[in-house]
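Me: I would like to learn how to read a protein model, feature by feature. Can we start with the sheet and work outwards?

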Amino acid sequence: MRRFGRTLVTAALAVTVVGGTAGWASGDSQRAVTGPPPGTAAWRADTASGRPLPDPASASPRDVARFFAGLDEAVRRELVREHPLVVGNLDGAPVTLRYEANRLAVLAGGEARYASLAAPGRQILAFDPRGRGQVVEVFGDLGRAAHVSVVVPGSDNDATTYDAKRAPDTGPAGMARSLRAAAGEDTAVVAWTGYTTPVGVGLDAASGRLAEAGADRLVRFTAGLDAIGAPDPVLFCHSYGSVVGGLAAGRTDAVDIVVFGSPGMRAATAADLHTRARVWAARGPSDWIGDVPNVEFAGIGHGADPTSAAFGARKVPAADVHGHTGYLVPGTQSLAAFAAIAKGEVR
């Protein structure tokens, strides 16, 4: 009975302190944005050269890739103009079409908070304005890259905040830029803010509800990379994003999964993730996530500490990392190790 009481107390503590990049703040319940993008009804009612269009809700990314491969360029461009939100979010569609479609979707929406996403040179691979907004951006040449990495962020990130001004080399876009600079020109890095993240600290951050929805979206996204012939990715999962990565692990073709600042992966050991990917973990000495109780009870908390010896992940050096978001700061041991993993140099 005494042990049960301690478990309840620990679970309550987890509700209080588990969170993402915002640290010690209160959180509000979020509704996960899922399903096909806005404009799907009009897309389903349309055709291309008399052929039905692939249903965003049921067509696999490989089905989508085959469909676009059978279209001439003029028809492709017409679909982009007529259905930018659908084409821009359609995993398996050619990336250059998606970049253009998302630029048009941002401009058509006319919202000042998203205007920067349409700036010249930006490669927006997905844009969904529903809720707080979701966005996926590519740094590098995804079509020609020898290596691909995907940064999966934690709490307090959405289409307006993921590239907000903050400490350099932090936040999804900052981390992706830093990793790409360290890994080199033959590596493409994707900042994947493609799910509804928790806001602050609260039940959303302590539960797996949003992570489960995010994991489904991440699995489909990685299947889309495979459908266009991109190399199998490395997933870099920060904070609550490591919960997403843990739940997606067994359903992706990732070659490596790297978690840092992680509250847990909803698994007792790396073997329990049921993935062929190598699993890596890092935590800096001053990261407040180390104060989070590593429990899972009645759906609250995210389980074992991935940096513990018992979990079985490979350790990434992080002794010189400061705080919860400093893992990709230039000059750190962790960034050097991350870049080596991203390039496939670590065996």
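**Reading the sheet, the cores and the pocket**

Reply: Strand 5 (residues 147-152) and strand 7 (residues 234-238) run parallel and pair over 4 bridges. Pairing here requires at least two DSSP bridges between two strands. Strands (E, at least two residues) and helices (H or I, at least four) are DSSP runs, numbered from the N terminus. Within this pair, Val-152 sits opposite Cys-237 of strand 7.

Me: What kind of model is this, and what are the ground rules?

Reply: This is a predicted model, in which local features need pLDDT of at least 70 and side-chain atom pairs count only at pLDDT 80 or more, while totals for chains, interfaces and linings use all residues. Residues are numbered from 1 along each chain as its sequence is written, and side-chain values use heavy atoms, with hydrogens and water left out.

Me: How many bridges join strand 5 to strand 6?

Reply: Strands of a sheet pair through backbone hydrogen bonds, either parallel or antiparallel. Strand 5 and strand 6 run parallel, joined by 5 bridges. Ser-149 has Val-189 of strand 6 as its bridge partner.

Me: What is the strand order of the open sheet, and which strands stand at the edges?

Reply: The open sheet has 8 strands in the order 3-4-6-5-7-8-9-10, with mixed pairing. Strand 3 (124-128) and strand 10 (314-315) are the edges; each has a single partner strand, so one side of each lacks a neighbour in the sheet.

Me: Which strands does helix 7 touch?

Reply: Contact means heavy atoms within 4.5 Å. Helix 7 (residues 171-183) packs on the sheet, touching strand 4, strand 5, strand 6 (187-193), strand 7 and strand 8 (256-260). Its direction makes about 170 degrees with that of strand 6. Such angles run from 0 to 180 degrees between N-to-C directions, with axes fitted to C-alpha atoms, for helices over the stretch in contact.

Me: Is strand 5 enclosed or open?

Reply: Buried means under 20% relative accessible area, exposed over 50%, partly exposed in between (1.4 Å probe, protein chains only). In strand 5, 5 of the 6 residues are buried, so the strand is largely enclosed by the rest of the structure.

Me: How many residues has the largest nonpolar core?

Reply: In soluble globular proteins, nonpolar side chains tend to be buried together. A nonpolar core is a set of buried Ala, Val, Leu, Ile, Met, Phe, Trp, Tyr and Cys residues joined through side-chain atoms within 4.5 Å. The largest has 42 residues, and Leu-142, Trp-192 and Ile-257 have the most contacts inside it. Helix 9 (residues 209-227) gives the most to this core, with 7 residues. Another core, of 36 residues, lies apart from it and includes Tyr-327 and Leu-328.

Me: Is Leu-335 buried or exposed?

Reply: Leu-335 is buried, at 5% relative accessible area. It lies in helix 11 (residues 333-342). Its contacts include Leu-179, Tyr-327 and Leu-328.

Me: Where are Arg-266 and His-274?

Reply: Arg-266 lies in the loop between strand 8 and strand 9 (278-282). His-274 is found in the loop between strand 8 and strand 9. Arg-266 has a positive phi, near 60 degrees, and is buried at 19% relative accessible area. His-274 has a positive phi of about 55 degrees and is exposed at 62%.

Me: Which element gives the most to the lining of the largest pocket?

Reply: Helix 9 does, with 5 residues. The lining has 24 residues, with Gly-35, Asn-89, Asp-91, Arg-217 and Arg-220 nearest the centre of the pocket.

Note on methods. On a 1 Å grid over the protein atoms alone, a cavity is a set of points where a 1.4 Å probe fits but cannot get out, and a pocket is an open set with protein on both sides within 12 Å along at least five of seven lines; lining residues have an atom within 4 Å of a point. Lists of a residue's contacts leave out its neighbours within four places in sequence.
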